[in-house]
Amino acid sequence: ALGARAHELRGMAANFGFERVAELSHAIENAGKANDIARVSHDVSRLAEDYALAKAAVQKWLDENQK
């Protein structure tokens, strides 16, 4: 299930151009499929930071494009 959710997140992130989130999601997907729990845990902890950066980028774009 983790691999499937990470795959979905990877696709959504890629659609929005969030390359770091997409790459990390891919790593989580692969680690999940390999049952590498230590790697999954490490990568999931990094996901919060990458998500925050992506969210800030979206907010910046919204702020600059609101008229």
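Here are a few questions and answers about the pocket and salt bridges of this predicted model.

Me: Which helix supplies the largest share of the lining of the largest pocket?
Reply: The pocket has a volume of about 170 Å³. Two helices, α1 (2-15) and α3 (37-65), each give at least two residues to its lining. The largest share, five residues, comes from α3.

Me: How many charged residues are in that lining, by class?
Reply: Leu9, Met12, Phe16 and Tyr51 are among the lining residues, and so is Lys55. Lys counts as charged, while Leu, Met, Phe and Tyr count as nonpolar. By class, the lining has ten nonpolar residues, no polar ones, and charged residues numbering one.

Me: Is Asp43 buried or exposed?
Reply: Asp43 pairs with Arg39, with the closest N and O atoms 3.2 Å apart, and also with Arg46, at 3.6 Å. Arg39 is partly exposed at 39% relative accessibility, and Arg46 is partly exposed too, at 38%. The cut-off for buried is under 20%. With a relative accessible area of 0%, Asp43 is buried.

Me: About how many helical turns separate Glu64 and Lys60?
Reply: These two side chains meet in a salt bridge, 4.0 Å from N to O, and both residues are exposed. They sit four residues apart in helix α3, so the separation is about one helical turn.

Me: Which residues are linked with Arg10 in a network of salt bridges?
Reply: Side chains of opposite charge can pair when their charged atoms come close. The structure holds seven salt bridges. In the network, Arg10 is linked with Glu29 and Lys33.

Notes:
Residues are numbered from 1 along each chain as its sequence is written. This is a predicted model: local features need pLDDT of at least 70, side-chain atom pairs count only at pLDDT 80 or more; totals for chains, interfaces and linings use all residues. Side-chain values use heavy atoms; hydrogens and water are left out. On a 1 Å grid over the protein atoms alone, a cavity is a set of points where a 1.4 Å probe fits but cannot get out, and a pocket is an open set with protein on both sides within 12 Å along at least five of seven lines; lining residues have an atom within 4 Å of a point. Grid points are joined across faces, edges and corners, and a volume is the space filled by probe spheres set on the points. Buried means under 20% relative accessible area, exposed over 50%, partly exposed in between (1.4 Å probe, protein chains only).
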